[in-house]
Amino acid sequence: MYLKGIGIASHPPAIVPEVGGGRELLAEKTVRGIRDLALKIAEVKPKTIVLITPHGNVFQDGVAVVYETKIAGDLAEFGAPGVSLEKPCDMGILDEMNRRFAQNDCEAIFLNETSAREFDIERKLDHGCLVPLYFIEKYYRDYKVVHITIGELSLIELFRIGRVVREAIEANGRDAVILCSADLSHCHKDEGPYHCHPMGQVFDTKITEAIESRDYYSILTMSPDIYEPAGQCGLRPMVMALGATDSIKTHARLFSYEAPFGVGYLSAWIDFALEEADPINESLITRYEKDMVKKHKERLQAEDPYTALARKAIDCFVETGRKLDVDQALKEIEDASVAKRLATEPAAVFVSLYKAGELRGCMGTLRPVTENLAQEIVRNAIEAGAYDPRFFPVEPQELYQLEISVDILGEAEIIDDYSDLDPQTYGLIVEKDVRRGVLLPGVRGIDTPEQQIAIAKEKAGIYEADDEGDRLVLQRFPVERHQAQID
């Protein structure tokens with residue numbers, strides 16, 4: 001194989017002496033671990049290092065690849081402008097990636113001078129790349145680079161892209177390694193913008209144990225309930241890099257792990273077990289698809305008439321472009337009392353869509369705008385799937401992956417005291433002048449009334465300076481939630 005291995009390296013600027021000014025001594029394990037990784041890469045002598053970073057130009061809908069003949073950067077923003085690096089880019093792999101991304105429908109943008117100018121962004125080596133390269137350069141310099149920034153895609157989409165990156169490397173026919181930039185949880189201490197959270201250590205433990213045991217599937221399928229509160233930036237780069245191992249057995253070595261500044265730092269090396277008689281593994285992509293089909297069947301069996309109606313509406317609209325025949329759908333509901341309620345009772349409804357545990361769309365109303373609950377659910381299901389401005393419309397191949405939640409809203413009431421709020425029980429409306437922010441209850445990571453109010457204000461565009469004069473109007477509302485529960 002031309003892909004010789006995958007390096008996983010954290011990127012704390014403080015371990016660079018010109019930045020740390022002595023603080024690097026507090027992260028001795030991390031420094032040793034990255035040096036061990038650098039020595040391993042120097043031993044392999046790759047012609048190209050494919051960099052995967054979370055700190056370049058992050059797009060919501062795809063990965064960003066720098067398509068230039070060279071790329072440079074420095075650590076000036078960390079007080080060390082003299083720490084700089086310029087490397088040539090491997091145009092052979094870039095051209096092969098460009099072709100294969102298109103053939104495999106990988107969501108990506110290749111950034112050159114023209115496209116970068118359109119987005120008003122820079123193309124440079126960010127600190128996620130520069131910190132590990134600083135150590136690699138001490139032992140090995142004869143390489144080109146490819147610079148990739150992860151996008152806010154689902155984990156399985158990034159994993160698939162990682163496999164295509166491997167295919168591009170193999171087709172290019174030059175030795176390469178992938179260097180994945182991956183800080184773990186930032187929530188081990190109350191420092192900087194982060195606060196200590198118990199999921200920080202849970203996340204880091206699961207990642208380190210999974211790499212040591214080569215259980216990459218547990219990383220690919222990790223619940224957002226774990227990784228979102230952990231405040232990490234390394235999961236997506238790691239998942240994309242691990243996609244390059246798909247279907248091939250590996251060795252894995254953990255060089256170091258510690259969390260000296262409240263952030264988990266990991267150094268590891270993964271290469272391929274080609275010496276085995278049968279080095280082929282089951283594809284994790286195939287395994288994932290099988291699991292998703294199984295879960296889809298379980299969801300269909302567990303859904304009540306409310307979520308089933310929302311799903312039918314989304315499926316119908318995505319597959320045919322037409323609105324569901326509500327009258328016919330009501331006739332197919334076996335529970336007569338539920339069918340009667342849906343057909344006669346008006347109510348405000350929010351429909352939320354989730355894919356792999358992450359929000360995929362959410363739309364709703366605070367007052368009913370149609371004649372009955374069934375029409376309201378169908379209307380807002382279509383809106384959530386096709387017209388939520390934060391997301392691209394749901395595509396047919398995503399339908400079986402969707403989890404659906406239907407929230408029927410009760411009457412809102414004005415409250416005067418934070419103690420009347422409960423983020424797990426009541427939704428919240430925050431209003432000031434013509435600005436309004438709405439949050440449903442049970443949002444992951446929102447545990448206190450203060451957090452709920454802060455997020456609702458942010459959604460409304462209400463900032464601290466706006467709190468002067470007329471005070472905020474706070475309203476709470478109860479929710480009747482319908483959501484299939486499966487293991």
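Leaving out residues up to four places away in sequence, Ser256 touches Lys29, Thr30, Gly33, Tyr265, Leu266 and Ser267, where contact means heavy atoms within 4.5 Å. The model is predicted, so that local features need pLDDT of at least 70 and side-chain atom pairs count only at pLDDT 80 or more, while totals for chains, interfaces and linings use all residues. Residues are numbered from 1 along each chain as its sequence is written, and side-chain values use heavy atoms, with hydrogens and water left out.

Ser256 is found in strand E9 (residues 250-258); strands (E, at least two residues) and helices (H or I, at least four) are DSSP runs numbered from the N terminus. With a relative accessible area of 6%, Ser256 is buried, a term that stands for under 20% relative accessible area, as against over 50% for exposed and partly exposed in between, with a 1.4 Å probe and protein chains only. The side chain of Ser256 also reaches the backbone oxygen of Lys29 at 3.4 Å.

Helix H10 (residues 235-242) is largely enclosed by the rest of the structure, because eight of its eight residues are buried. Helix H6 (residues 155-172) packs against H10 at an angle of about 45 degrees, with the axes 6 Å apart; axes are lines fitted to C-alpha atoms, for helices over the stretch in contact, and angles run from 0 to 180 degrees between N-to-C directions. H6 is therefore oblique to H10, since angles under 35 degrees count as roughly parallel, over 145 as roughly antiparallel, 65 to 115 as roughly perpendicular and the rest as oblique. The contact is made by Leu155, Leu158, Phe159, Ile161, Gly162 and Val165 of H6, together with Leu235, Arg236, Val239, Met240 and Leu242 of H10.

Ile211, placed in helix H7 (residues 198-213), counts as buried at 0% relative accessibility. Beyond residues up to four places away in sequence, Ile211 touches Ile8, Tyr216, Ile219, Met238, Ala252, Leu266 and Ala268; of these, Met238 is among the buried residues of H10, and Leu266 is also one of the residues touched by Ser256.

Asn372 lies in the loop between strand E12 (358-364) and helix H15 (373-386), and counts as buried at 5% relative accessibility. A polar atom of the Asn372 side chain lies 3.2 Å from the backbone nitrogen of Ala374. Neighbours within four places in sequence aside, Asn372 is in contact with Leu342, Ala343, Thr344, Glu345 and Pro346.

Terms used
A polar contact is a pair of N or O atoms within 3.5 Å; within protein, one must be able to donate a hydrogen and the other to accept it, and residues adjacent in sequence count only if both atoms are side-chain atoms.
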